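Me: I would like to go through this structure with you, one topic at a time. Shall we begin with the surface?

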Amino acid sequence: MKETPNFAGWHAVVLHREDGNTERLIRQLRLLGLSATLQWAPLSAAGVPDLVIVDADQGFDDLLPWSGITPTCPVVALLGSEAPGRIAWALGQGAGAIIAKPIAASAVYPALVMAVSIHQERKGVTERLQYLEERVRLRPLVHAAVEKLMNAHGVDEERAYSILRNCAMRRRLPMEQIAAFIIGGIEPLPEAG
């Protein structure tokens with residue numbers, strides 16, 4: 001994240017029982033421009049807000065809809081305990097920051113910024129990983145296209161790969177896509193030239 005976010009207009013759901021901590025938290029969120037909803041019931045996957053703040057001391061596994069996967073929004077954990085199990089639970093729910101209880105107003109903004117930054121980073125890593133996994137999955141197509149070029153032009157593997165790579169660069173498409181076109185007969189065989 002290059003700059004700190006402006007939270008004006010964001011909506012936060014605070015998953016916590018109402019108490020003095022939540023009153024201070026919601027007051028501080030409103031000062032930062034967020035609207036906030038307080039509830040102590042599982043969050044619906046259909047109504048995911050811009051930000052979730054969850055009580056890690058009493059949180060349970062079905063409280064958040066993304067168990068085991070990257071959260072769909074930034075998550076901040078509220079924690080009054082030093083119990084390793086509660087910290088592990090918060091991390092398992094995707095918390096990118098922790099606000100210690102009792103809540104100090106000065107701890108809220110930095111935690112929100114950290115959670116947003118961590119969430120964006122995780123999302124970027126997940127997208128990059130999916131892209132790379134797809135490319136690896138399609139590598140057999142590249143190999144098949146190279147073999148087809150070797151047979152058609154009577155060149156060695158290195159030269160056939162070079163032909164495929166140059167064709168992909170000229171067309172500004174991934175090699176895997178050009179290979180799929182060649183194998184499928186959609187793309188004419190590139191010249192060996």
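Me: Which residues form the nonpolar patch on the surface?
Reply: In this predicted model, the nonpolar surface patch is formed by Ile-87, Leu-91 and Ile-98. Together these three residues have about 250 Å² of accessible area.

Me: Where does Ile-87 lie?
Reply: Ile-87 lies in helix H2, which covers residues 84-92.

Me: Is Ile-87 buried or partly exposed, and what is the value?
Reply: Ile-87 is partly exposed, since its relative accessible area is 30%.

Me: Turning to charge, which residues gather in the patch of negative charge?
Reply: The negative patch on the surface brings together Glu-147, Asp-156, Glu-157 and Glu-158. Of these, Glu-147 lies in helix H4 (residues 139-153), while Glu-157 is found in helix H5 (residues 157-171).

Me: How accessible are Glu-147 and Glu-157?
Reply: Glu-147 has a relative accessible area of 39% and is therefore partly exposed. Glu-157 is also partly exposed, with a value of 47%.

Me: What does Glu-157 contact beyond its sequence neighbours?
Reply: If neighbours within four places in sequence are left aside, Glu-157 is in contact with His-143, Val-146 and Met-150. In the case of His-143, the C-alpha to C-alpha distance to Glu-157 is 9.3 Å, and the two residues are 14 residues apart in sequence.

Me: On to ion pairs. How many salt bridges does the structure hold?
Reply: The structure holds five salt bridges. One of them joins the side chains of Asp-55 and Lys-101, with an N to O distance of 2.9 Å. This pair links distant parts of the chain, 46 residues apart. Asp-55 is in strand E3 (residues 51-55), and Lys-101 is in the loop between strand E5 (97-100) and helix H3 (105-137).

Me: Are Asp-55 and Lys-101 buried or exposed?
Reply: Both Asp-55 and Lys-101 are buried.

Me: Which residues make up the network of salt bridges?
Reply: The network links Asp-55, Asp-57 and Lys-101.

Me: And which residue forms a salt bridge with Arg-137?
Reply: The partner of Arg-137 is Glu-134, and their closest N and O atoms are 2.7 Å apart. The two are separated by about one helical turn, because they are three residues apart in helix H3.

Me: How do Arg-137 and Glu-134 stand in accessibility?
Reply: Arg-137 is exposed, with a relative accessible area of 55%. Glu-134 counts as partly exposed, at 33% relative accessibility.

Me: What about Glu-176 and Arg-139, how do their side chains meet?
Reply: The side chains of Glu-176 and Arg-139 meet in a salt bridge, at 3.0 Å from N to O. This pair also links distant parts of the chain: Glu-176 belongs to helix H6 (residues 175-184) and Arg-139 to helix H4, 37 residues apart.

Me: Why does Glu-176 count as buried?
Reply: Glu-176 counts as buried because its relative accessibility is 4%, and the cut-off for buried is under 20%. Arg-139, at 33% relative accessibility, counts as partly exposed.

Me: Is Thr-22 buried or exposed?
Reply: Thr-22 is buried, because its relative accessible area is 2%.

Methods
Residues are numbered from 1 along each chain as its sequence is written. This is a predicted model: local features need pLDDT of at least 70, side-chain atom pairs count only at pLDDT 80 or more; totals for chains, interfaces and linings use all residues. Side-chain values use heavy atoms; hydrogens and water are left out. Patches are made of residues with over 30% relative accessible area and no salt bridge: like charges are joined within 9 Å, nonpolar side chains (Val, Leu, Ile, Met, Phe, Trp, Tyr) within 5 Å. Accessible areas come from the Shrake-Rupley method with a 1.4 Å probe; for residues, only the protein chains shown count as cover. A salt bridge is a side-chain nitrogen of Lys or Arg within 4 Å of a carboxyl oxygen of Asp or Glu. Lys and Arg count as positive and Asp and Glu as negative; His and the chain ends are not counted. The place of a charge is taken as NZ of Lys, CZ of Arg, CG of Asp or CD of Glu. Helices (H or I, at least four residues) and strands (E, at least two) are DSSP runs, numbered from the N terminus. Buried means under 20% relative accessible area, exposed over 50%, partly exposed in between (1.4 Å probe, protein chains only). Contact means heavy atoms within 4.5 Å.
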